[in-house]
Amino acid sequence: MKVLIVGGVAGGASAAARMRRMDENAQIILFERGPYISFANCGLPYYISRTIGTKDDLLVQTPESFYGRFRVEVRTQEEVIAIDREHKTVRVRRGEGDIYEEGYDKLILSPGADAVLPGAIRGLNSQGVFVLRSVPEVVAIDRWIEERRVKHAVIAGGGYIGIELAENLRERGLEVTVVELASHVIGSIDEEIAHIAEKELEKHGINLRLNCGITAIEEKENGLHITTTDGSLEAGLAVISVGVKPNSDLAREAGLELGFRGCIAVNDRMQTSDPDIYAVGDAVEVTEFVTGQKRHIALAGPANRQGRIAANQIAGMDSRYKGTQGSSIIKVFDIAVAATGLTEAAAKAAGIDCDKVYLHSGAHAGYYPGAKPLTLKIVFERATGRLLGGQFVGAEGADKRCDVLAVAIRAGLTAMDLADLELCYAPPYNSAKDPLNMAGFAIENIVTGKVKNFHWEQVPALDGEAVTLLDVRTDNEYAQGSVPGFVHIPLHELRERIGELPKEKPVYVHCFSGLRSYVACRILTGHGYDCYNISGGYRMYGEILPPDWNESEEGSMLRAAEVK
C-alpha cells in the first residue's frame with residue numbers, strides 16, 4: 001500500500017508514525033512545503049523570551065530522525081499543488097522548481113491553517129509586520145527585534161498566540177500593546193473570567209486596548225505608525241494574530257466537500273467525501289462534543305488523535321473520532337487560564353437553558369502555607385444538571401481541575417456527580433473537599449431547590465423598592481469595601497438580627513465567595529424568607545459589573561433601597 005501525507009506538524013506526523021506502526025510494509029511519503037516536518041507550534045512564543053533556548057529545541061522530529069525510526073520518506077520544501085482523484089495522483093512542486101506527479105492508494109491531508117490577514121487593515125505588507133505560525137516566522141521576528149533594537153511591539157489580537165507572545169515580548173524587555181476588537185481577551189472564555197487575566201496582564205505592564213481595532217499600518221523612518229479606531233501607536237514591530245482560517249484550497253480545488261467556514265468536511269473516520277482521501281488537523285471541521293454542532297477548533301491534541309485515527313482506518317482498524325471539547329490552557333504570567341466544553345455565552349448561543357456557579361478557594365488546604373487563590377466557573381444545564389463546560393483561573397491547580405472536568409464531561413457525568421468524585425488529598429496538594437466537589441455540592445443544591453441561584457449581572461435590574469439586599473461578610477471585610485445598597489449583617493449575627501429584614505421582600509445575599517451566603521440563605525429559608533444566593537460573592541462583583549455601575553441609575557436605585 002502506498003500512502004501519501006500532505007503536511008506534517010501534529011496531524012500529518014502523527015498519521016505517518018501510526019501508519020508505520022500499523023503496517024511495516026506500507027510505502028509512506030510525507031510532503032511538507034516548509035523546511036520542518038514536526039515542530040512545537042505551541043512553543044513558538046517562548047522562543048522570543050528564550051524560555052525555549054534555541055530554535056532546535058522547537059523541532060520534534062527531523063527528516064533524518066523520522067526516517068531512521070519509522071522509515072517514512074520525508075520531502076521538505078515540496079508542496080502538493082493539485083489532486084487528481086480519478087487517477088489517484090498528486091502534483092508536487094519542488095521549491096520554486098519542477099513539478100512532478102506521485103501516485104497513491106490512500107491520501108491523508110494535513111495542510112493546517114493559515115493566519116487571518118484582515119483586508120480592512122491597510123499596510124499589512126509593511127516591513128516589520130509579521131504573523132506567527134511557523135519556526136521561520138518566529139526566527140524572523142526574533143532577528144527583527146535584535147537587528148532593529150525594537151523597544152515597542154503591537155499585537156493585533158488577544159487570543160492564545162497573541163497573549164502568549166505579549167508575555168514573552170514583555171519578558172524580552174519590550175513595551176507591549178495588545179489591540180483587541182472584542183470586549184475582552186481570550187475569546188474562548190467568558191468575559192468576567194477574562195477580566196482576571198486582563199488584570200494580570202496589566203499588572204505586568206501590558207497595555208490593553210479593548211473594543212479597538214487596527215485600521216492602518218504605515219512605515220516611518222523610525223518604525224511603524226499604527227492607526228487604530230481610538231487613536232494611534234508608534235512601534236518597531238507589529239504581529240497580526242487575529243485568528244486562523246483552514247488551509248482547504250487544495251481540497252476545494254479537488255472537488256472535496258467543504259463544511260463549517262470552509263473547513264474540509266470529514267466523517268468520524270476522518271474520511272473526506274472521497275473514501276480514499278482522509279483529512280486531519282486544523283483544516284477540518286469537527287463535531288463539538290457537548291452540542292454535536294460542527295465547528296472549527298484548531299488544537300494540537302485533537303490533531304494528533306485525528307492523525308492516529310486516519311492511519312488506523314487505512315490499516316483496517318475501526319477507530320472513530322468522538323468530537324472535540326476544546327480543552328485548552330494558557331499561561332498568563334503568574335497565573336494559568338484553563339477551559340473545557342462550552343462557555344456560558346456559547347451555551348446560550350446554542351439555545352441551552354443553562355446556569356452557572358462560581359467558586360473561589362485555595363489550590364490546596366488553607367491551613368497549609370502557600371495556598372494560592374483559584375477561581376472556578378462551572379456551566380450546567382439548568383433542568384438536568386448536565387455538565388456543559390468550565391473555566392479555571394489561578395496560580396496553581398487550574399490545569400488539574402480543568403482536566404478532571406474534561407473527563408467528567410466526556411464520561412457523561414452530571415454536575416451533581418462532581419460531589420462524589422474521590423480525588424487525591426494531602427494538605428500541600430488539595431483540600432479534603434476538592435473545589436470540584438464543592439461545585440457539585442453547590443449545583444446539587446440549586447437543581448434540587450435547596451437554594452435559589454442569582455448572579456451579579458442581574459442585580460442592577462432588581463427593583464430596589466421590592467427586594468432586600470444583604471451582605472453577610474465580617475465587619476472587617478465590609479470596612480475594606482462594600483456594594484452600595486446592601487445592608488450589612490455578619491453571618492454570625494444573622495439569627496439574632498433576622499427581625500431587621502422585612503419578611504415580605506425577597507432577600508438577595510452575598511458574602512465573599514458564595515459559601516457563607518448559601519448558609520445565610522438556608523437560615524433565612526428556615527425562617528420563611530424567599531432567599532437568593534448571589535453566586536461568586538463579592539469576589540465576582542468587580543469582574544462582572546461595569547466600573548461605572550456604582551454611579552449609574554441602577555446603582556443609585558440600589559443605594560436608595562438600603563434597609564436601615
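Guide: A residue is called buried under 20% relative accessible area, exposed over 50%, and partly exposed in between (1.4 Å probe, protein chains only). The model is predicted, with local features needing pLDDT of at least 70 and side-chain atom pairs counting only at pLDDT 80 or more, while totals for chains, interfaces and linings use all residues. Numbering starts from 1 along each chain as its sequence is written, and side-chain values use heavy atoms, with hydrogens and water left out.

Let us look closely at Phe333, which sits in the loop between β23 (328-332) and β24 (335-341); strands are DSSP runs of E with at least two residues and helices are runs of H or I with at least four, numbered from the N terminus. Phe333 counts as buried because its relative accessible area is 5%. Most residues other than glycine have a negative phi. Arg71 also has a phi near 55 degrees, again positive in a residue other than glycine, and Arg71 too belongs to a loop, the one between α3 (63-70) and β5 (73-76). Arg71, however, is partly exposed, because its relative accessible area is 45%.

From these loops we can turn to a residue inside a helix. Ser14 belongs to helix α1 (residues 9-22), and with a relative accessible area of 17% Ser14 is buried. The side chain of Ser14 reaches the backbone oxygen of Ala10 at 2.7 Å, and the side chain of Ser14 also makes a polar contact with the side chain of Asn304 at 2.4 Å; a polar contact is a pair of N or O atoms within 3.5 Å, where within protein one must be able to donate a hydrogen and the other to accept it, and residues adjacent in sequence count only if both atoms are side-chain atoms. If neighbours within four places in sequence are left aside, Ser14 is in contact (heavy atoms within 4.5 Å) with Val9, Asn304 and Gly307.

Another buried helical position is Leu524, found in helix α14 (residues 515-526), where the relative accessible area is 0%. Not counting residues up to four places away in sequence, Leu524 touches several residues, among them Leu470, Leu494, Ile498, Leu501 and Val507, and the list for Leu524 goes on to include Val509, Tyr529 and Cys531. Leu524 and Lys503 are 21 residues apart in sequence, while from C-alpha to C-alpha they are 9.5 Å apart in space.

Strand β12 (residues 152-156) runs parallel to β13, and five bridges join the two; strands pair if DSSP finds at least two bridges between them. Within this pairing, Ile155 stands opposite Val178 in β13. β13 itself is mostly covered, five of its six residues being buried.

Finally, consider the charged side chains. The model has 41 salt bridges, each being a side-chain nitrogen of Lys or Arg within 4 Å of a carboxyl oxygen of Asp or Glu. One of them joins Arg172 and Asp142, whose closest N and O atoms are 2.7 Å apart. Because Arg172 lies in the loop between α5 (160-171) and β13 (175-180), and Asp142 in helix α4 (residues 135-148), this pair ties together parts that are 30 residues apart in sequence. Arg172 is partly exposed, at 24% relative accessible area, whereas Asp142 is buried, at 9% relative accessibility.

A further salt bridge brings together the side chains of Glu543 and Lys199, at 2.9 Å from N to O. Since Glu543 belongs to helix α15 (residues 537-544) and Lys199 to helix α6 (residues 191-203), this pair ties together parts that are 344 residues apart in sequence. Glu543 is buried, with 3% relative accessibility, while Lys199 is partly exposed, with a relative accessible area of 47%.

The side chains of Glu253 and Arg252 also meet in a salt bridge, at 3.9 Å from N to O. There Glu253 is exposed at 55% relative accessibility, and Arg252 is partly exposed at 45% relative accessible area. Salt bridges can also join into a network, and one such network links Asp190, Glu192, Glu344, Lys348, Lys356, Lys377 and Glu457.
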